[in-house]
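Subject: Structure handover and notes

Hello,

The structure is below, with my notes after it. Please read them alongside the coordinates.

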Amino acid sequence: MGISMRHVAKLMVASAFTALLTTTAQTTVSFAQTPKDTVVMAKQIDDIISLDPAEAFEFSGVEVVTNLYDKLMGVDLAKNNELVPELAQSWSVTPDNLTYTFKLRPGVKFHSGNALTAADVVYSFQRAVTLNKSPGFILAQFGFTKDNVLEKVKAADDNTVVITVSKPFAPTFFLNCLTSGVASIVDTKLVKANEKDGDFGNGWLKLNSAGSGAYKVRAYRPNEQYALDANESWYKGAPKNKRIVVRHVAEPASQRLLLEKGDIDIARNLSKDQLAAVKTNKDVEIVQGDKGYILYLGLNQKNPNFAKPEVREALKYLVDYASIERNIVEGTYKAHESFLPKGFLGAIDDKPYKFDPAKAKELLAKAGLPNGFTVTMDVRSVNPITDIAQAIQSNWAQAGIKLELIPGDGKQTLTKYRARTHDIYIGQWGPDYLDPHTNAETFAINENNGEDAKSKTLAWRNAWDIPDMTKVTQANVLETDAAKRAAVYGALQREHQKVSPFVIMFQQVEVSADRKGVKGWAIGPSSDTNFYAPITKN
């Protein structure tokens, strides 16, 4: 994708600091230490497709969005991810669990200076539901459509929003969904001023921001960097730093070099070997947090071989989980074989599969494929994904399966995956909100397997038609008894492990390496909970 000369000019004058680091595939050139009031990170951000909160649905994009926008509800990381009010100063729900009333915090202003009112909440829900981009289903599942959203989400007055849902969902489930990026509140006037051909400002918001959050976009250059300026008037108080700059640095070795030279403050994607090397550096500190990210393979059921249950199960016996963890991802991922991450209600720790080529061959023979087959896998060209894919390629060869790896950047591989034109996709899934339904829905619900489906979950992306499992999973969000709900999730995961087209392998432990003197950076369980505002530098 090209960028206009006007955009280039804007980037050139946006900040002298945007030229601080220049990284190419061959060279890394440093010009200066980082400014005291600016936090500089190196991170793999080639997965960003958009900065529009109604569209961003990849890890890096969602992380940017959560630092640009406010939502009605949030979570308190210090209190075990407890739900807390943000733009909603208070809320109430009717006894039938169908109608929610939110009282807005008074005096909040967008970055533009426009006042934030209930009308902005209504418009934000309307545009997210009507655009129906990748994260749109998070709101649509409550019965909102482009035709009824203005009846279901109303402004009673400037400071009061009333939302009516279609079923008596467990209130914590609905409120947790409002902590997702797609529920961010946008500046109606600013977005409408940048609307083109009825796109609800989507084209403009891909590169810009219209929020009230801790930061605003100063400049964003896809696949290169983004720079965010602090919102000094943020209702929670001005961020502890003036600016955040995140550079796309694909190679962990390059990130380590920049960190050790002091050209960046935080390295976000160091590999097992890089982490081991910097642990002995007195100028570097390691920060880590359990992430809800699941690393898995998605097997497209449009491929006739994957439509055979024996083949799906054979592939689960053909991953050397222990060797990959020990040799490639130690310290950054832990073995995990179920769709709910550790720490979520109902999560199980069962690991029914281990590397067993003989068992895999037996299953392949039952499927009529005793000599294996040839297949492709789309692989994002970053570590450790590439190394894991190559290890799997070697594992599968032991059963006669010839795996061809198709490399691409994050945007390319995700776009192909979302179009269901892959054979196998290796990737990660992270929770959109801190309720177990976030993963249960995407891995175990497929309402309509047609190309025109409204809800395009991971089950849909892999063309896995599961009407019975869909009904069970959907019914469980109406269960208000937490113990009963957890038991259903346990049973669902055990069935899913055996029959699904997902080879679930690991859960991420997110690790960053920080220059000594950098404080306040906390890694949350989701991309929505990686907050920049508390970061300070000595």
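Helices here are DSSP runs of H or I with at least four residues, strands are runs of E with at least two, and both are numbered from the N terminus.

This is a predicted model, in which local features need pLDDT of at least 70 and side-chain atom pairs count only at pLDDT 80 or more, while totals for chains, interfaces and linings use all residues. Residues are numbered from 1 along each chain as its sequence is written, and side-chain values use heavy atoms, leaving out hydrogens and water.

Twelve of the 14 residues of α3 are buried, so the helix is mostly covered (buried is under 20% relative accessible area, exposed over 50%, partly exposed in between, with a 1.4 Å probe and protein chains only). Among the buried residues are Asp120, Arg127, Tyr123 and Phe125.

Asparagine 132 follows α3 and sits in the loop between α3 and α4 (137–140). Its phi is positive, about 50°, although asparagine 132 is not a glycine. With 35% relative accessibility, asparagine 132 counts as partly exposed.

Asparagine 80 is also not a glycine, and has a positive phi of about 55°. The loop that holds asparagine 80 runs between β4 (73–76) and β5 (82–85). At 69% relative accessibility, asparagine 80 counts as exposed.

There is a cis peptide bond between asparagine 383 and proline 384, with omega about 10°. Proline 384 belongs to the loop between β16 (374–380) and α14 (385–397).

Last, a helix pair. Helix α16 (residues 437–444) packs against helix α18 (residues 467–475) at an angle of about 165°, the axes being 10 Å apart. Axes are lines fitted to C-alpha atoms, for helices over the stretch in contact, and angles run from 0 to 180 degrees between N-to-C directions. That makes α16 roughly antiparallel to α18 (under 35 degrees is roughly parallel, over 145 roughly antiparallel, 65 to 115 roughly perpendicular, the rest oblique). The contact (heavy atoms within 4.5 Å) involves His437, Ala440, Glu441 and Ala444 of α16 with Met469, Thr470 and Thr473 of α18.

Regards
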